[in-house]
Amino acid sequence: MGKRSRDRKRLQQHRRVCVPPQGWGAGYAEIVKENELFEQYYRELGLVPGGEFGAFMEAMREPLPATIRITGYKSHAKEILHCLKEKYFKEVQALEVDGQKIEAPQALSWYPDELAWHTNLSRKILRKSPLLEKFHQFLVSETESGNISRQEAVSMIPPLLLKIEPHHKILDMCAAPGSKTAQLIEMLHSDMDVPFPEGFVIANDVDNKRCYLLVHQAKRLNSPCIMVVNHDASAIPWLQVARDGKRDALFYDRILCDVPCSGDGTMRKNIDVWKKWTTSNSLAIPWLQLRIAVRGVEQLAVGGRMVYSTCSLNPVEDEAVIASLLEKSEGALELVDAAEDLPGLKWMPGVTSWKLMTKEGQWFSNWSEVPESRHTQIRPTMFPPTDPEKLKAMKLERCMRILPHHQNTGGFFVAVLMKKAPMPWNRRHPKVRPARADDPVDDPAPAEPPMAEPERDGEEERTPSETPLCSSPPPSKKMKLFGFKEDPFVFLTEDDPVFPPIQTFYDLSPDFPKLNVLTRTHEGKKRHLYMVSKELRNVLLNNSERIKIINTGVKVWSRNQDSEPFGCAFRLAQEGIYTLFPYIRARIVNIGVEDVKVLLTQENPFLSKLNMGSIVLRYQPDTNNPDAPQCPIELCGWRGKTSIRAFVPRNERFHYLRMVGVEVFHKQGRRADEASSEAPEGAAEDGAGEAVAEGQEGPGRGENGADSNGTGPASNT
C-alpha cells in the first residue's frame, strides 16, 4: 500500500470520530461517562479556569442542547423566525416531558439577527415525545426545504469568523457533512437580488460516500455557486482559471480548514468518546492536521483569511499545529485578533505552555525529555516553541477555545489566520509549460498562450522530464479516482438547438447567460438542464482532468414530453426558480395570499388565465396586510387545459403553507407522505392529491400533462 493510500485511509478513520450518532442515547445505554485519564490530563493542563473544573466535567456529562439555525440569506428568514417565536416556541415552553420542564428556547447571543436558537430539548425527547410531534415535524420539513439547519452551536463559529463577502472564492477543505458549507453558501448569497454572485464555494471531502451527504446538504440551498469535489485535503490539487487570455493558478480569498481531530470536545453528543479516549488519539493526528493546514495556506490568496478549527480541546491538535504553521511561514502568516468579531461569545485565549502525556500517564514538558523509543510517536513540533521571543511574536493567545460549561455548548478550538505574503517555498515566479492540444479552453475564447503553474511543495513524486532542454516541469501523473464514477458535466453552446424554443416560450432577457447552462450527458436527449455561475464554469472548463467533481449546479429546467405541443419541451424546476426568475419576462401569473393557499392545497383550482404549459406563479408582498408574508414568493406552476396547479416539492409546499398561516401536520400512525393540513375553509374538499416525497417517482401523469412526481398539492383534512 502506497503512502498516499495510507494517508487516505487514516484521514477517513479520523474523520469518522467526529460523526454524531443517530440520536441521543442510541446504543449507548451501558457507557459510563467517566474517564480518569481524561480528567487527569485536562486538570493538569490548566485549560479550565481555577475553580471551574467541576462545572466543566459536569457539563461534559450532560446531553448537548438542540440547536437550530435559520437560513439567513433567504428572504423568508424573517417569516420563519416569526413563525418560530409566535407559534412553536410558545407551544413547547410550557410543556413537561418525562419529568423535565421544557425551557423557553433562547437565541444565541453571539449569532447575528437572532437566526440561531437553542433549547434544553435533547434529540431523544424531540423525536419520541408525542407532545413535541408538531415541532419536530416542523423542524424536519423546514430542514429538508433548506430553510432551517439543525447544527451544533460551536460549529457555526468558523464561517462567521471568515467574514464572507459575495465576491469571495472559498475552499472548504474537509467539508462533510456540510453544515458549515451551508453557512458559507448563505453568506455568498447575502444579496438575494443577485442570482449569480461573483464568488463560489468549492467543498471537498476525502470520503467519497460522505461527499454525497455533503451534496444533500448543499442541494437544499439551490445555489449555482457550489461545487463538491472528492480529494485528500492534504494534497488537494492546484486549480487553474482563465484570465485575460491566459491561465493562472486559482488562489482562494477564504479557506475553511476544519480538520479531522480526536473529537474530545464532542463527548456530549458522541458518548462513545468517553470509553475510547486516550492521549494516544491526539498524538497520532497532528502531522495530518499540519499537512492539511499547510496545503490550505499555500492556496490562500495574499490578504485572504483561513480559519483553522477542531472539535478537540487538546493543545497538541490546536496551538501546536498553529505554532508549527506560523514558524514554517516565516512571517507570511499572522494570527488575527477576532475578539470583537462575535460579541457575546465566551471563549478562553490560546495557551503558550502545555505538556504531553502518554496513555500510561507519563508526562513530558519538552522534546529533550522524550526517550528515543517514542520519537516516532512524539515529535518536536508537538511542544511549544522554545524561543521566548519567537513564541511571543506568534501571539497564540489570539486563538479561541470554547469550553462547554460557559455557554452550554460542545468543546471547540478556532484560530483565524491572515496571509500577508506568499509562503517561503512558493515565492519564486511560477514556471510555464506550453499549452497542449488537449488542454481545455474557456469557450468561446481562442486558443490560449502558455499556462502558468505554481511551484509544487515537494509532496508529489517527480519523474525525469522527457525533454531535458525544456524549462517546464515534468507532466503530472494521471489522477486516480476513487468511489463512484460520475456522469460528465457538459456545457451547452450558445447555438445549441435546445435554446430557441426555451427563449421564445419564456421570453428570456437578452442578458441570460446561455454559456452557464450545462447537462450531464454527451449523447441523447437532455433530460435536465442545470446552471452554474460564470466563475464556476471557468473552474470546470479548466480543471476537468485535475479534480474529481461529485456535483455542481442547480437544476433550472426538466424535460417533459407533454410540454412539446405547447412549443417548449422543458418545464421550470422549483429548485432553480430564484436563479432563473430574473431572466423570465413571460408566463408570469401574479397571485395573492389566498391564491397561494388554494394552489398548494387544491389539485386543479383555476380556470384559464394563460396558454398551456409551464408558468411562474408570483406573489408580491402586501404592505397593507401585515399578517401576510412580507417577502416575494415564486412558485413553478403548470397550466393545463382547464386549470392551473402549483408544481412544488412536498417540503417546500409545507414551508409556503406555513408562511401563509396554514397548519401542516402528519397525524400519528399515518404514512409520512400523507400530509394533513388545516386548510382554509372550502379548500380542496375533493380531488386532493396524495403527497409523494421529493425525488420519488410518482404513479403516473396528472390530468394537466405534468409529471405526478411529488410536486402536487398537500392533502387536507
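Me: Where is the place of P177?
Reply: Start with how elements are named. Helices (H or I, at least four residues) and strands (E, at least two) are DSSP runs, numbered from the N terminus. P177 falls in the loop between β7 (169-172) and α8. This is a predicted model, in which local features need pLDDT of at least 70 and side-chain atom pairs count only at pLDDT 80 or more, while totals for chains, interfaces and linings use all residues. Residues are numbered from 1 along each chain as its sequence is written, and side-chain values use heavy atoms, with hydrogens and water left out.

Me: Which residues does the cis peptide bond join?
Reply: Check omega. A176 and P177 are joined by a cis peptide bond, with omega at about 10°.

Me: What does UniProt list for "binding site"?
Reply: Read such entries with care. UniProt positions are given in the numbering used here, feature names are shortened, and annotations may be inferred rather than shown by experiment. The unreviewed entry lists C174, A175, A176, P177, G178, S179, K180, D205, D232 and D258 as "binding site".

Me: Why does K180 count as buried?
Reply: Look at relative accessible area. Buried means under 20%, exposed over 50%, and partly exposed in between (1.4 Å probe, protein chains only). K180 counts as buried because its relative accessibility is 12%. K180 is part of helix α8 (residues 179-188).

Me: Which residues does K180 touch?
Reply: Contact means heavy atoms within 4.5 Å. Leaving aside residues up to four places away in sequence, K180 touches Q151, S155, P158, P159, D172, L256, D258 and F412.

Me: What joins the side chains of D258 and K180?
Reply: A polar contact is a pair of N or O atoms within 3.5 Å; within protein, one must be able to donate a hydrogen and the other to accept it, and residues adjacent in sequence count only if both atoms are side-chain atoms. The side chains of D258 and K180 make one at 3.1 Å. D258 belongs to strand β12 (residues 252-258). D258 is buried, at 9% relative accessible area.

Me: Which residue does UniProt list for "active site"?
Reply: The unreviewed UniProt entry gives C311. C311 lies in the loop between β13 (300-310) and α13 (319-329). C311 counts as buried because its relative accessibility is 14%.

Me: How do I read K33: buried or partly exposed?
Reply: K33 is partly exposed, at 24% relative accessibility. Its loop runs between α1 (3-17) and α2 (36-45). A polar atom of the K33 side chain lies 2.9 Å from the backbone oxygen of R61. Now compare sequence and space. K33 and K275 are 242 residues apart along the chain, and their C-alpha atoms are separated by 7.7 Å.

Me: At what angle do helix α6 and helix α20 pack?
Reply: Axes are lines fitted to C-alpha atoms, for helices over the stretch in contact, and angles run from 0 to 180 degrees between N-to-C directions. Helix α6 (residues 133-144) and helix α20 (residues 650-659) pack at about 115°, with their axes 8 Å apart. Handedness comes next. A crossing is left-handed if the near helix is turned anticlockwise from the far one by less than a right angle, and right-handed if clockwise. α6 passes α20 in a left-handed crossing.

Me: Which residues in α6 and α20 meet?
Reply: From α6 come Q137, F138, S141, E142 and E144; from α20 come N651, F654, H655 and R658. By class, that contact has two nonpolar, four polar and three charged residues. Here Ala, Val, Leu, Ile, Met, Phe, Trp, Tyr, Cys and Pro count as nonpolar, Asp, Glu, Lys and Arg as charged, and the others, Gly among them, as polar.

Me: Where is S509 found?
Reply: S509 is in the loop between α16 (499-506) and β23 (517-519). S509 is buried, at 9% relative accessible area. Its side chain makes a polar contact of 2.5 Å with the side chain of D511. Beyond four places in sequence, S509 touches Q503, Y583 and R585.

Me: What is the phi of D507?
Reply: D507 has a positive phi of about 50°, although it is not a glycine. D507 also sits in the loop between α16 and β23. D507 is partly exposed, at 31%. R587 is another non-glycine with positive phi, about 60°. R587 is buried, at 10% relative accessibility.
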